[in-house]
Amino acid sequence: MEAAGANAARRNGNTLHRFTEEVDLGLREVESIPEPYRSRVQCYRDKLTEAGVVIHRQWAEQVLVNDHYTIAGTDDRIVDLADGRRIISDLKTGSKVYDLEVSIQLAIYANHTATYDQVKNKRGPRIEVDTDTAMVIHLPFEGDYCELYLVDICQGYDAFLHAMETREW
């Protein structure tokens, strides 16, 4: 795997993910990011601005809990679309953009029942987000583009419910 570059791709993706988070949280300016990451993060910011997507800083990397199924996960971002819908979004930096697994992941996040603050060890209320639609932000490290994909997560939630029924059985 090392010879095939799998670890390098993962490291580049993780670094790109971290830089987008730092810029989104206002912790870093795009200009301070070293190349080749700077141009990728600028492309990301330009695409979000062009689409009228607004990121909610307070909910970036938010732990979301579903008490009904005793499951939790950390979202990448919660955003408002230009049409006013608030949705879960997930940044993908690899070649895989979307499949049922991603739909399930985003559906779990969207159907959370509470939030959790790991630093304060404190639960918080549910964040009202659309439970039918989520967004995948595809920002491959190897590329010169960023694409936004709206994802119907209803099928993902159905698959999740089936998996939970199987687990209980």
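How many bridges link β6 and β7, and in which sense do the two strands pair? They pair in the antiparallel sense, over three bridges. Keep in mind as you read on that this is a predicted model.

## The open sheet

Let's look at where that pair belongs. Four strands make up an open sheet, arranged in the order β3-β2-β6-β7 with antiparallel pairing. At its edges lie β3 and β7 (122–124), each of which pairs on one side only. From one strand to the next, the twist averages 30°. Strands of a sheet pair through backbone hydrogen bonds.

## A closer look at T115

T115 is part of strand β6, which covers residues 114–117. Is T115 buried or exposed? Its relative accessible area is 9%, and the cut-off for buried is under 20%, so T115 counts as buried.

The side chain of T115 also reaches the backbone oxygen of P125, at 3.3 Å. Leaving aside residues up to four places away in sequence, T115 touches several others, among them Q62, V63, L64, K122 and I127.

## Helix α3 and its neighbours

Next comes helix α3, residues 100–110, where V102, S103, L106, A107, I108, Y109 and A110 are buried. The buried residues of α3 pack against strands β2 (63–66), β3 (71–74), β5 (86–92), β8 (133–138) and β9 (147–152), and also against helix α4 (154–168).

## Salt bridges

The structure contains twelve salt bridges. One of them joins D24 and R45, whose closest N and O atoms are 2.9 Å apart. This pair links distant parts of the chain, since D24 lies in helix α1 (residues 6–24) and R45 in helix α2 (residues 37–51), 21 residues apart. D24 is buried at 4% relative accessibility, while R45 is partly exposed at 25%.

R86 and D80 form another salt bridge, again with 2.9 Å between the closest N and O atoms. Here R86 is partly exposed, at 26% relative accessibility, and D80 is buried, at 16%. Salt bridges with shared partners also join D24, R45, E61 and R77 into one network. Finally, R38 and E35 meet through their side chains at 3.6 Å, N to O; R38 is partly exposed at 30%, and E35 is partly exposed at 43%.

Definitions and conventions. Residues numbered from 1 in each chain as written. Predicted model: local features only at pLDDT ≥ 70, side-chain atom pairs only at ≥ 80, totals over all residues. Heavy atoms only, no water. Buried < 20%, exposed > 50% of the residue type's maximum accessible area, 1.4 Å probe, protein only. Contact = heavy atoms within 4.5 Å. Polar contact = N/O pair within 3.5 Å; in protein donor to acceptor, adjacent residues only side chain to side chain. Pairing = 2+ DSSP bridges. Axes fitted to C-alpha atoms, helices over the stretch in contact; angles between N-to-C directions. Salt bridge = Lys/Arg side-chain N within 4 Å of Asp/Glu carboxyl O.
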